[in-house]
Amino acid sequence: MENRRNFIKKSAMLCAALSLSLPAQARAVQRELKTRNPKSALVLCYSQSGFTSRYGRLMACILKDRGLTVDLADMRSFDKRRLADYDLILIGSPVFYYDIPSNVSDWLAAMPKITGTPVAAFVSFGGPEGNQHNALCHILHLLAEKEGVPVSMGAFRSIPAYPTPDWDSANQRSGEHLPNEATYNQVRNFTRQVLERVKQGQPVSYASEIALREMARMLPLVWLNKKAISLHTVDAAQCINCRTCVKKCPVAAIHPEKQFVDRDKCLACFGCLNNCPADAVVMEYRGKRLYGFPEYLRRKKLNILEPTEFQTCSL
Ligand SMILES: Cc1cc2nc3c(=O)[nH]c(=O)nc-3n(C[C@H](O)[C@H](O)[C@H](O)COP(=O)(O)O)c2cc1C
Ligand code: SF4
Ligand code: SF4
């Protein structure tokens, strides 16, 4: 009797686990590509600590090497009206809080139509359970809504630039030397695959997974983190007025001259802390002072490996 009860219990648990990792219905875009022979490409990234833009730059260098005219740009300063000028568009974002950051999804939702333009999505992410697949599907979905034709998606791991007091957890350590040559080979293969699919006129179908991680995305994670940030200000004595934090902040929430952070606007992305060169952004997480990504690299004596292409590529 006890065995039977156990069996039923285990079967129910297994069914629940499986149902939580089933793929949703695949989305396929049935639209002609505007060209199978792209002459120009745009690699557009949002990047907070530099990983996504590093991968995007490598893609741009490879595409240039293949004879395309390539523009590499930061999403925040790019004029959306120019999107229709390109034969191929690659969009890159980090995964934040199990999804793409809201400033990226807002930017993509506000794009004009790019009918028939082949589009590829890529993300950089910090951990294997980071929900990167669904973040990629989110980008492709928003691009398909603008009538772009998805041709590929790729996720590339990096050191997690998430500066909570858990820097040293096992998850952080397992990725601490990334990217390595294998990561860059994945980026190179992805770029070649994008070109190949465009040449063959092969759109890709995509399906987000209904996984536990996807459920986590529905939690108010940004709000919860903001609650945990017990102090967020600027130390006037340390600040050198370089305005890096202002340039990095996606929502204009930080005002170093007034030592003020608009906590309502803030997305808890840690971009100000992770990029301040003077250790002047003061953030406490549940009363514990945080330090930014450059300081993390110093403490761990880590140097980020750059791809060899950067020695000759002018982008
Ligand atoms: C606020 C924040 C939230 C993050 N959330 C996730 C996440 O949910 N899943 C994940 O895999 N990585 C997560 N990470 C790690 C980043 O995705 C990773 O460090 C990424 O490469 C950063 O890209 P960037 O250097 O272009 O900003 C997070 C990092 C930050 C700063
Ligand atoms: S990045 Fe740091 S030093 Fe530069 S303006 Fe902001 S707080 Fe000041
Ligand atoms: S103020 Fe908030 S939203 Fe702006 S960079 Fe800092 S953490 Fe990100």
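This is a predicted model: local features need pLDDT of at least 70, side-chain atom pairs count only at pLDDT 80 or more; totals for chains, interfaces and linings use all residues.
Is alanine 268 buried or exposed? Alanine 268 has 21 C-beta neighbours inside 10 Å, so it counts as buried. The cut-off for that label is 20 or more.

Aspartate 279 lies in the loop between helix 10 and strand 11 (281-285). Phi is near 55 degrees here, again positive in a residue other than glycine. The surroundings of aspartate 279 contain 14 C-beta neighbours inside 10 Å, so this residue counts as partly exposed.

One peptide bond also deserves a look. Leucine 178 and proline 179 are joined in cis, with omega at about 5 degrees. Proline 179 belongs to the loop between helix 5 (170-174) and helix 6 (181-200).

Now turn to the sheet. Strands of a sheet pair through backbone hydrogen bonds, either parallel or antiparallel. Here the pairing is parallel, in an open sheet of five strands ordered 3-2-4-5-6. Which strands stand at the edges? They are strand 3 (69-74) and strand 6 (149-157). Each has a single partner strand, so one side of each is left without a neighbour in the sheet. From one strand to the next, the twist averages 15 degrees.

Strand 2 (residues 40-45) pairs on both sides. Five bridges join strand 2 to strand 4 (residues 88-94), running parallel. Within this pairing, valine 43 stands opposite leucine 90, and cysteine 45 has glycine 92 as its bridge partner. Towards strand 3, six bridges join the parallel pair. There, serine 40 is bridged to threonine 69. How does the chain get from strand 2 to strand 3, and what is the handedness of the crossover? The path runs through helix 2 (residues 51-65), and this β-α-β crossover is right-handed. Strand 2 is mostly covered, with five of its six residues buried.

Methods: Residues are numbered from 1 along each chain as its sequence is written. Chains are lettered from A and ligands numbered from 1 in the order in which they are written. Two strands pair if DSSP finds at least two bridges between them. Helices (H or I, at least four residues) and strands (E, at least two) are DSSP runs, numbered from the N terminus. Axes are lines fitted to C-alpha atoms, for helices over the stretch in contact, and angles run from 0 to 180 degrees between N-to-C directions. A residue is buried if 20 or more other C-beta atoms lie within 10 Å of its own, exposed if 12 or fewer, and partly exposed in between; C-beta atoms are placed from the backbone. A crossover is right-handed if, with the strands pointing away from the viewer, the path from the first strand over the helix to the second runs clockwise.
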